[in-house]
Amino acid sequence: VFAVSSTTVAMYDRESGRLLASADGATHLNSAFILKGKVYCAHSNYPKKPETSEIRVFDPEEQSLTIFHEFKEPPGSLVWNVHDGKHWWCCFAHYGADNAKTVLVRYSDGFKEEQRWTFPKAVVDDWDKMSASGGIWDGDTLLVTHHHYKVLYRLKVPKDGKELELVEALACPFPGQGIAADPKTGGLVGIDRGAKKVVFATK
């Protein structure tokens, strides 16, 4: 199990909780995504301005955390990124009065921007002046977390239009932050930041 804090990525044995590997040195890591045994982490300089954003990759064998891709003039602070086999999907957040500017951007594998979408007003209004802290694909829809409420938003990317569509809001045990699919149970893995716990949930 991989756990991500603002500065550190750590790998733990799932059964015993024993620390197996870690790397630090980051400024503001956010949600992360596992691809071919490595952990691709959203990273930004939040709350500093102007925003800088990168994808950093944690290699558990090397116990290293390095820059995988740096975004030039990013449209916000990168908070989560996932890969669907063809594209990178990256969410750039804004906060406070500007949180409606939060966008989901689809990039080619070479990080050429292809399209971007804003979030539905009903979701933005529920963010409590924060933003979407985590997101993963679940079939043909996205499951997106709140920053600090126990809710998941199921969102659909429209065939036409520049705004994501809200399918439903779901109760969940994670008070915000990043989530991941759990290949062992078919459920989800998240965190309770306040309790400093990794939380496992079945669908």
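Reader: Is Arg-154 buried or exposed?
Author: Arg-154 counts as buried because its relative accessibility is 16%; buried means under 20% relative accessible area, exposed over 50%, and partly exposed in between, with a 1.4 Å probe and protein chains only. Please note that this is a predicted model, in which local features need pLDDT of at least 70, side-chain atom pairs count only at pLDDT 80 or more, and totals for chains, interfaces and linings use all residues. Residues are numbered from 1 along each chain as its sequence is written, and side-chain values use heavy atoms, with hydrogens and water left out.

Reader: Which side chain does Arg-154 meet in a salt bridge?
Author: The partner is Glu-168, at 2.9 Å from N to O. A salt bridge here is a side-chain nitrogen of Lys or Arg within 4 Å of a carboxyl oxygen of Asp or Glu. Arg-154 lies in strand β14 (residues 151–156) and Glu-168 in strand β15 (residues 165–171), so the pair links distant parts of the chain, 14 residues apart. Strands are DSSP runs of E with at least two residues, helices are runs of H or I with at least four, and both are numbered from the N terminus.

Reader: What about Glu-54 and Arg-56?
Author: Their side chains also form a salt bridge, at 2.7 Å from N to O. Here both Glu-54 and Arg-56 are buried.

Reader: Changing topic: in what order do the strands of the open sheet stand?
Author: The open sheet has 4 strands in the order β4-β5-β6-β7, paired antiparallel. Two strands pair if DSSP finds at least two bridges between them. The edge positions belong to β4 (29–35) and β7 (64–71); each has a single partner strand, so one side of each is without a neighbour in the sheet. From one strand to the next, the twist averages 25 degrees, using axes fitted as lines to C-alpha atoms (for helices over the stretch in contact) and angles from 0 to 180 degrees between N-to-C directions.

Reader: How many bridges join β4 to β5?
Author: There are 5, between antiparallel strands, with β5 covering residues 38–44. Leu-35 stands opposite Lys-38 in β5.

Reader: And Val-39, which residues does it touch?
Author: Not counting residues up to four places away in sequence, Val-39 touches Phe-2, Ala-32, Phe-33, Ile-34, Arg-56, Val-57 and Phe-58; contact means heavy atoms within 4.5 Å. Val-39 is found in strand β5 and is buried, its relative accessible area being 2%.

Reader: Which strand does β10 pair with?
Author: Strand β10 (residues 103–107) pairs with β11 (residues 113–118) in the antiparallel sense, over 5 bridges. Arg-106 stands opposite Gln-115 in β11. The hairpin has 5 residues between the strands, and Phe-111 takes a positive phi near 65 degrees.

Reader: Where is Asn-99?
Author: Asn-99 sits in the loop between β9 (88–93) and β10. Its relative accessibility is 7%, so Asn-99 counts as buried. Leaving aside neighbours within four places in sequence, Asn-99 is in contact with His-94, Val-124, Trp-127, Lys-129 and Met-130.

Reader: Finally, how many strands does the chain have overall?
Author: The chain has 18 strands and 1 helix. Its radius of gyration is 16 Å, close to the 17 Å that the globule rule gives for 203 residues, so the chain is as compact as a globular protein of that length. That radius is taken over C-alpha atoms, and the rule is 2.2 Å times the number of residues to the power 0.38. Buried residues make up 49% of the 203 residues.
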